[in-house]
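Biologist: I have the sequence and the model open side by side. Could you walk me through what the coordinates say?

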Amino acid sequence: MDSMDLNDAGAEASDGGVRVQRALWRHWGTPAGIYGTIVYASVVAASSGGATDQADALHVLVFTLVSIVVFWLAHVYSTALGFHADDDSVRGRIVDSLRHALFESSGMLEAAVVPSIPLLLAALGILPAEVGVFVSLWLTVLLLALLGYLVFLIRGRSVLVCLTGALVTGLFGFVVIALKTTLQH
């Protein structure tokens, strides 16, 4: 049976392309990364109603980044609580649990990098606020679809299965956009 951990350092790679995909997956494609991308898009959607100028874009960016950090801290804490290290010392168990939790949860923070770029550009006045929000949200859909595609590709599945994975994962971001459009317009 296949391991569920696509970040397993001992996982075999059949060629260079798979090694590159696994390296990218290690940084973006964790469950926490996918969850973080969805949370990030949801907070952007919820906080961006009526964003029309630089100040609004800055508010959305700051609110979203603070929110994702809070969600990340909660994820680190809950993961550390759920991870039971085998060390005999209390200090060793705490350090091992935190190390494990930080590694497992890092994808939540990394998920915010790409969709923050258009919001930053809008906050700097390079893009209109509405465009920054729009591009940020659609980037999350694209990232989710890419992650959905890669998880199946790394497992050696057919292109059809990979595309189905991309569609299903990308739909999470699309639902966020649909909810924003429905509730704020």
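Modeller: Let me start with charge pairs, keeping in mind that this is a predicted model: the structure holds 1 salt bridge.

Biologist: Which residues form that salt bridge, and how far apart are the closest N and O atoms?

Modeller: The partners are aspartate 96 and arginine 99, and their closest N and O atoms lie 3.3 Å apart. Side chains of opposite charge can pair when their charged atoms come close.

Biologist: Where do aspartate 96 and arginine 99 sit relative to each other in helix 4?

Modeller: They are 3 residues apart in helix 4, which means that about one helical turn separates them. An α-helix has 3.6 residues a turn, so residues three or four places apart point the same way.

Biologist: And is arginine 99 buried or exposed? What about aspartate 96?

Modeller: Arginine 99 is exposed, having a relative accessible area of 54%, while aspartate 96 counts as partly exposed at 27% relative accessibility.

Biologist: Let's zoom out. How many helices and strands does the protein have?

Modeller: There are 7 helices and 0 strands, so that reading along the sequence gives the pattern α-α-α-α-α-α-α. Of the 185 residues in the protein, 37% are buried, and among contacts with a separation of 6 or more, 68% are between residues 24 or more positions apart.

Biologist: Back to helix 4, then. At what angle does it cross helix 3?

Modeller: The axes of helix 3 (residues 54-82) and helix 4 (residues 90-110) cross at roughly 145° and come within 8 Å, and the crossing is right-handed. On the helix 3 side the contact includes Ile68, Phe71, Trp72 and His75, and on the helix 4 side it includes Leu98, His100, Leu102 and Glu104.

Biologist: What's the make-up of that contact by class?

Modeller: The contact of helix 3 with helix 4 has 11 nonpolar, 6 polar and 1 charged residues.

Biologist: Changing topic, what do the spans of helix 2 and helix 6 look like?

Modeller: Helix 2 (residues 31-47), with 17 residues, reaches 24 Å from its first C-alpha to its last, close to the 24 Å expected at 1.5 Å a residue. Helix 6 (residues 129-154), with 26 residues, reaches 37 Å between its first and last C-alpha, close to the 38 Å expected, and it is followed by glycine 156, whose phi is positive, near 80°.

Biologist: Which residues of helix 2 are buried?

Modeller: Among them are Gly33, Gly36, Val39, Tyr40, Val43 and Val44, along with Ser47.

Biologist: One more region: what does alanine 123 touch, apart from its neighbours within four places in sequence?

Modeller: Alanine 123, which is found in helix 5, is in contact with Gln54, Ala57 and Leu58 once those neighbours are left aside.

Biologist: Is alanine 123 buried or exposed? And isoleucine 126?

Modeller: Alanine 123 has a relative accessible area of 14%, and because buried means under 20%, it counts as buried. Isoleucine 126, found in the loop between helix 5 (113-123) and helix 6, is exposed, with a relative accessible area of 56%.

Definitions and conventions
Residues numbered from 1 in each chain as written. Predicted model: local features only at pLDDT ≥ 70, side-chain atom pairs only at ≥ 80, totals over all residues. Heavy atoms only, no water. Axes fitted to C-alpha atoms, helices over the stretch in contact; angles between N-to-C directions. Helix = DSSP H or I, 4+ residues; strand = E, 2+ residues; numbered from the N terminus. Left-handed = near helix turned anticlockwise from the far one by under 90°. Contact = heavy atoms within 4.5 Å. Nonpolar A, V, L, I, M, F, W, Y, C, P; charged D, E, K, R; others polar. Salt bridge = Lys/Arg side-chain N within 4 Å of Asp/Glu carboxyl O. Buried < 20%, exposed > 50% of the residue type's maximum accessible area, 1.4 Å probe, protein only. Expected span 1.5 Å × (residues − 1).
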